[in-house]
Amino acid sequence: MLLIACPYCGNRPETEFRCGGQAHIARPADPAALSDEQWSGYLFVRDNPRGVHAERWNHVHGCGRWFNALRDTVSDRFLETYKMGEKPSRTESTEAGSTPVKSTQAEARA
């Protein structure tokens, strides 16, 4: 079972969470000024990298809060979770497979 570390509740089973897509996507300041192509890019185009990726997660069957996570898309390992508005202690460009930094990480468990 995969455990995910909710920054508010601690380690919980993956079935309590829902992924909300890529994190740190800023809404355009003036959406009306965007062309249809620019607006559709904001709404639908997201990164899908191989390796470390920042994602938004919701603890649906727990505290109900949203938080961000750095997850390695190759191993499905959560490297770090952090509250909305906070910055991660590592970057997405950190190579996959390196040692996790925070003690609140969850790892895949067989």
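Predicted model: local features only at pLDDT ≥ 70, side-chain atom pairs only at ≥ 80, totals over all residues.
R12 is partly exposed, with a relative accessible area of 32%.

Side chains of opposite charge can pair when their charged atoms come close. How many salt bridges does the model hold? The count is three.

The other contacts to follow involve R71. One of them is a salt bridge between R71 and E55, with 2.8 Å between the closest N and O atoms. R71 belongs to strand β5, which covers residues 66-72, while E55 belongs to strand β4, residues 52-58, so this bridge ties together parts that lie 16 residues apart in sequence. Are R71 and E55 buried or exposed? Both residues are buried, and for R71 the relative accessible area is 14%.

R71 also forms a salt bridge with D76, and here the closest N and O atoms are 2.6 Å apart. D76 is partly exposed, its relative accessible area being 33%, whereas R71 is buried.

Taken together, these contacts link E55, R71 and D76 in a network of salt bridges. R71 takes part in the bridge to E55 and in the bridge to D76.

Note on methods
Residues numbered from 1 in each chain as written. Heavy atoms only, no water. Salt bridge = Lys/Arg side-chain N within 4 Å of Asp/Glu carboxyl O. Buried < 20%, exposed > 50% of the residue type's maximum accessible area, 1.4 Å probe, protein only. Helix = DSSP H or I, 4+ residues; strand = E, 2+ residues; numbered from the N terminus.
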